[in-house]
Amino acid sequence: MKPKVTEHQVQALIVDALKLANLTVLHTSAYRQKGSSGVAKGVPDLLVAHPLISGLWIGIEIKKPGPVRWSSPEQKELYDSGKILLAQSPETALRHVRNACVGTTWNPVVRVKAVADIDRVLNPIDGGKK
Ligand SMILES: [Mg+2]
């Protein structure tokens, strides 16, 4: 039987992987707070940016592996409309950010560096499949 993994544990692994890839990561989750956090419904767990890019953040909602249970209709709507991304593993989170980097019109030097930083962390995890 597989040991149960909590969303908190998955999130910690994902944050570590993103930071290893030199990305800036902000937590929006209020798992340590009691009562209302004041955060709008549906706001994803993580905001991720590249330190060389100004003002552009990628919203990633973290869920534990298995069937996805949305915490609110607002969250599901944001996901369905493509406004936020979903990750259930470090590999998926890195791949989302990599895809975002590849698809940008950022300065090519910055883009190449961002992708190389991500691949350095991603390749040992997934063997470099693209
Ligand atoms: Mg979550």
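Predicted model: local features only at pLDDT ≥ 70, side-chain atom pairs only at ≥ 80, totals over all residues.

Student: Which residues is E91 in contact with, leaving aside its neighbours within four places in sequence?
Tutor: E91 is found in helix 3, a helix being a DSSP run of H or I with at least four residues, numbered from the N terminus. Two residues are in contact if their C-beta atoms, placed from the backbone, lie within 7 Å. By that criterion, the partners of E91 are L122, I125 and D126.

Student: How is helix 3 oriented relative to helix 4?
Tutor: Axes are lines fitted to C-alpha atoms, for helices over the stretch in contact, and angles run from 0 to 180 degrees between N-to-C directions. Helix 3 and helix 4 pack at about 155 degrees, with their axes 10 Å apart. Angles under 35 degrees count as roughly parallel, over 145 as roughly antiparallel, 65 to 115 as roughly perpendicular and the rest as oblique. Helix 3 is therefore, relative to helix 4, roughly antiparallel.

Student: Which residues of helix 4 are buried?
Tutor: Helix 4 covers residues 108-126, and what covers its buried residues includes helix 1 and helix 3. An α-helix has 3.6 residues a turn, so residues three or four places apart point the same way. The buried residues of helix 4 are A114, D117, I118, V121 and L122.

Student: At which residue does helix 4 bend?
Tutor: The bend at a residue is the angle between axes fitted to the seven residues ending there and the seven starting there. In helix 4 this angle is about 35 degrees, and the proline P124 follows within four residues of the bend, which is at R120.

Student: What is the handedness of the crossing of helix 1 and helix 3?
Tutor: These helices pack at about 40 degrees, with axes 8 Å apart, which means that helix 1 is oblique to helix 3. L13, I14, A17 and L18 of helix 1 meet P90, A93, L94 and V97 of helix 3. A crossing is left-handed if the near helix is turned anticlockwise from the far one by less than a right angle, and right-handed if clockwise. The crossing of helix 1 and helix 3 is right-handed.

Student: How far apart in space are D126 and D45, C-alpha to C-alpha?
Tutor: D126 has its place in helix 4 and counts as partly exposed because it has 14 C-beta neighbours inside 10 Å. D126 and D45 are 81 residues apart in sequence, and their C-alpha to C-alpha distance is 24 Å.

Key
Residues numbered from 1 in each chain as written. Helix = DSSP H or I, 4+ residues; strand = E, 2+ residues; numbered from the N terminus. Expected span 1.5 Å × (residues − 1). Buried ≥ 20, exposed ≤ 12 C-beta atoms within 10 Å, placed from the backbone.
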